[in-house]
Amino acid sequence: MAKSDSSTKVEKTTKKSKFNKTYAIIVVLVLLIAGGSYVAYNKYDDLKQENQRLSDPQEAAKSETQRIKNEIAKLIEVPTDEEPTIATVVDPKKLGDQAFFTNAQKDDRVVIYAQAKKAILYRPSTKRIIEVAPLNIGDNQTTNKQPASTEAR
């Protein structure tokens, strides 16, 4: 009988050990799934809020302007008391005759600070400033009646 009691104890211990390992694995898997679900939901919620915010064109333009302004401010001193006007280069070939746009590429941004009379050509893809030029705003009351333009000196 001594042999059967000890073998029964060994079997019970082995079964308990297997049960504890299985239970631990299940608990860890449930925790991982719960944690992953929490992270995924937070990411989804953030993206949903961003999409709602960007669905308004004016809000999207403000957000883009602020993002570009912040990126440029890391590279060069920009006026803090003025909101820039930002334009996107669509066809650089059409601008090739202007010295300011010599190195322009599609999707570059032209950031214009009218009061500070400064124009900046910025490339968001590389986060680099390509060109900076003083802004020469023509007077509409001159004799040749030319529209305002940007010129590089």
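Start by selecting helix α2, residues 57-73, and colour Thr65, Ile68, Lys69, Glu71 and Ile72, which are buried. Buried here means under 20% relative accessible area, with exposed over 50% and partly exposed in between (1.4 Å probe, protein chains only). Look down the axis: these residues cover an arc of only 165°, which puts them on the same side of α2. That arc is taken from the directions from the helix axis to the C-beta atoms. A handy rule: an α-helix has 3.6 residues a turn, so residues three or four places apart point the same way.

Before you move on, a word about what you're looking at. This is a predicted model, where local features need pLDDT of at least 70 and side-chain atom pairs count only at pLDDT 80 or more, while totals for chains, interfaces and linings use all residues. Residues are numbered from 1 along each chain as its sequence is written, and side-chain values use heavy atoms, with hydrogens and water left out.

What do the buried residues of α2 pack against? Show β1 (85-88), β2 (109-113), β3 (118-123) and β4 (128-134), and you have the partners. Helices (H or I, at least four residues) and strands (E, at least two) are DSSP runs, numbered from the N terminus.

Next, zoom in on β3. Of its 6 residues, 5 are buried, so β3 is largely enclosed by the rest of the structure. On one side, β2 and β3 pair in the antiparallel sense over 5 bridges; two strands pair if DSSP finds at least two bridges between them. Click Val111 and you'll find it opposite Ile120 in β3. The hairpin of β2 and β3 has 4 residues between the strands, and Lys117 in the turn has a positive phi of about 55°.

Now follow β3 into β4, its antiparallel partner over 6 bridges. Here Tyr122 stands opposite Ile129. This hairpin also has 4 residues between its strands, and Lys127 takes a positive phi near 55°.

Then select Val89, Phe100, Phe101, Ala104, Val110, Ala119, Leu121, Ala133 and Leu135: that's the largest nonpolar core, 9 residues in all. A nonpolar core is a set of buried Ala, Val, Leu, Ile, Met, Phe, Trp, Tyr and Cys residues joined through side-chain atoms within 4.5 Å. A second, separate core has 7 residues, including Ile68, Val78, Val111 and Tyr122.

Last stop: Leu135, in the segment after β4. Is Leu135 buried or exposed? At 7% relative accessibility, Leu135 counts as buried.

How values were computed. The expected span of a helix is 1.5 Å times one less than its number of residues. Contact means heavy atoms within 4.5 Å.
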